[in-house]
Amino acid sequence: MRVSFVSAPLAALGAQPEPVGEALVVLAVPGEDPNAAVTLTDCSPFARTGFKGADTPAWLAAQGVDLPEAPNQARRQADGALVARLSAGEVLILDPPGAALGLSARLTQAWGWEAGLCFPVPRQDTHAWFRLAGPALPALMAKLCAVDLRPRAFADGAVAQTSVARHSAIVVRDGGAFHLLADSASAETLWGFLGEALGEFGGGVTGARGLVS
């Protein structure tokens, strides 16, 4: 089963993972406040993938994926998946949390060498996935990231490939929330920096129960 890259710090909070499909997910954290000024949720056990190569846009379009026209933009799909275009030929796909057989799995099953210059990028293993939300989110991100991520400069569906707390990261705005993906090898370190920042802004860690579809 898919597990979190930050299991240890979550366990230190008294959180216990529960099975959700093929993943072990922390659905609730003792003492959590979903209405805190800013919340941090681990989405790492949920499905995601990517594809890269010159033929990627054509192959994905043939599979029914609604691609953003330009890089650094994301688009919601009919099944709830979020497709982020990182460059002309590279795409990141985030399935809806808890989806039994989402877009990532369907595309992985459909892919073959006939796709041409379109190759899988296994983001499930290489990148942790955190979600940040709440009214204090712009202020928190201003402390951690040099890019202006306020709504007037970073609209819904915008994507930034930048540095967050000195960690290379992909940031995707999804309404009032940010999806943050970063190197899984340094996931616990980044989680620690985010946790420290949460304390300054009256935030806290929450489970993923409210996100599961």
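Ala, Val, Leu, Ile, Met, Phe, Trp, Tyr, Cys and Pro count as nonpolar, Asp, Glu, Lys and Arg as charged, and the others, Gly among them, as polar. The model is predicted: local features need pLDDT of at least 70, side-chain atom pairs count only at pLDDT 80 or more, and totals for chains, interfaces and linings use all residues. Residues are numbered from 1 along each chain as its sequence is written, and side-chain values use heavy atoms, with hydrogens and water left out.

**Exercise 1. Describe the lining of the largest pocket by residue class, element and domain.**

Solution. 
- Step 1: apply the definition of a pocket, which is, on a 1 Å grid over the protein atoms alone, an open set of points where a 1.4 Å probe fits, with protein on both sides within 12 Å along at least five of seven lines; lining residues have an atom within 4 Å of a point.
- Step 2: the lining comprises 25 residues, and Arg2, Ala47, Ser104, Ala105 and Gln124 lie nearest the centre of the largest pocket.
- Step 3: by class, the lining holds 13 nonpolar, seven polar and five charged residues.
- Step 4: two or more lining residues come from each of strand E4 (48–52), helix H3 (103–110), strand E8 (119–121) and helix H4 (123–126); helices (H or I, at least four residues) and strands (E, at least two) are DSSP runs, numbered from the N terminus.
- Step 5: domain 1 (7–45 + 125–205) and domain 2 (48–121) each supply at least three residues to this lining, with domain bounds taken from an automatic or database domain assignment.

**Exercise 2. Classify the aromatic pairs Trp111 with Trp113 and Phe154 with Phe178.**

Solution. 
- Step 1: rings of Phe, Tyr and Trp (its six-membered ring) pair if their centres lie within 6.5 Å; planes under 30 degrees apart count as stacked, over 60 as edge-to-face and the rest as tilted.
- Step 2: six aromatic pairs are found in the whole structure. In one of them, Trp111 and Trp113 have ring centres 5.1 Å apart and planes at 65°, so this pair is edge-to-face.
- Step 3: the pair of Phe154 and Phe178 is also edge-to-face, at 5.8 Å centre to centre and 85° between the planes. Phe154 lies in the loop between helix H5 (137–144) and strand E10 (159–164), and Phe178 in strand E12 (residues 177–183), 24 residues apart.
- Step 4: for accessibility, buried means under 20% relative accessible area, exposed over 50%, and partly exposed in between (1.4 Å probe, protein chains only). Trp113 is exposed at 66%, whereas Phe154 is buried at 5% and Phe178 is buried at 1%.
- Step 5: ring pairs also join Trp111, Trp113 and Phe119 into a cluster.
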